[in-house]
Amino acid sequence: AVTVAAMSVWHEASAQKAAVSTDLVGYANFVTMNVEASVPVARHWSINAGVRYNPFTFDLGEGKEDARNRQQTYAAGMRYWPWNVYSGWWLAGKLQYQEYNSGGIVSRATYEGDRFGTGFSGGYSYMLGKHFNVDFGLGFWGGYDRFTRYACPVCGVTEDSGEKFFILPSDVIIAFSYVF
C-alpha cells in the first residue's frame, strides 16, 4: 500500500518536471532564434541546455555591404535557485561553444571563427501563472577564440587570423518560459 506521505512526496517532486524558454532579446539580435530547456535535479538546482541559431544576411541597400550576425551556439549548464527551482533569483554557470560570422554592422570588416568557453549569469524569474514565467538576467562568458578577419562581408580578402582569449557579454535576458 502507498502511504499518504509517500504520495505527497511524489506529487511535490513531479510538480515541476521541466521548462522550455525563449529569449526575446535574442530575436532583436538580427533575428537570432533560440530555445533553452531546463530540468530540476534538486530543490535548489536545475540543469539546462540551450541553442541559438542565426542563418540570416541582411541587404542594406545599393552601395552598402551586407550585414550579418550569423551564429550557431550550444550551451549546457546549471542554475542555482536560493528559494525554489523556477521561482525568484538565480545564479548560473555554463559551458558554451559558438561558430560565428559577423560583419557589415559597424564597419566593413567581417569576423569568422569558433569560440569555446565558460559563462556566468544571474537573474530573476517572475511567475506569471502556474505554467508561465518571465525571466530577466545578465551574463558574460570568456574563453578561447580562433578567428579570421576579412576586409568586407563578401570580398574574401583576409586581413588577419589568429587565436586569442576573450571576455564578452553573453546574455541579456528577457525570456518567456513554459513550466511543465
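Student: Which residues form one aromatic cluster here, and how do I read ring pairs?

Tutor: Rings of Phe, Tyr and Trp (its six-membered ring) pair if their centres lie within 6.5 Å; planes under 30 degrees apart are stacked, over 60 edge-to-face, and the rest tilted. In this structure, Phe-30, Phe-56 and Phe-58 form one aromatic cluster. Keep in mind that this is a predicted model, where local features need pLDDT of at least 70, side-chain atom pairs count only at pLDDT 80 or more, and totals for chains, interfaces and linings use all residues. Residues are numbered from 1 along each chain as its sequence is written, and side-chain values use heavy atoms, with hydrogens and water left out.

Student: How many aromatic pairs does a search of the whole structure find?

Tutor: The search gives 12 aromatic pairs. One of them joins Trp-81 and Tyr-86: ring centres 5.9 Å apart and planes at 70 degrees, so call it edge-to-face. Both residues are buried (under 20% relative accessible area; exposed is over 50%, partly exposed in between, with a 1.4 Å probe and protein chains only). Phe-132 and Tyr-178 also pair edge-to-face, at 5.3 Å centre to centre with 70 degrees between the planes. That pair links distant parts of the chain, with Phe-132 in strand 8 (residues 132-150) and Tyr-178 in strand 9, 46 residues apart. Strands (E, at least two residues) are DSSP runs, numbered from the N terminus.

Student: Are Phe-132 and Tyr-178 buried or partly exposed?

Tutor: Phe-132 is partly exposed, at 49% relative accessible area, and Tyr-178 is partly exposed too, at 32%.

Student: What makes up the largest nonpolar core?

Tutor: First, the general idea: in soluble globular proteins, nonpolar side chains tend to be buried together. A nonpolar core is a set of buried Ala, Val, Leu, Ile, Met, Phe, Trp, Tyr and Cys residues joined through side-chain atoms within 4.5 Å. Here the largest one has 9 residues, including Trp-81, Tyr-86, Trp-90 and Ile-173. Strand 6 (88-103) and strand 9 (158-179) each supply at least two of its residues, and strand 9 gives the largest share, 3 residues.

Student: And which cysteines form a disulfide?

Tutor: Look for a pair of cysteine sulfur atoms within 2.5 Å. The whole structure has 1 disulfide, between Cys-152 and Cys-155, with the sulfur atoms 2.4 Å apart. Cys-152 counts as buried because its relative accessibility is 5%, whereas Cys-155, at 38%, is partly exposed.

Methods: Helix = DSSP H or I, 4+ residues; strand = E, 2+ residues; numbered from the N terminus.
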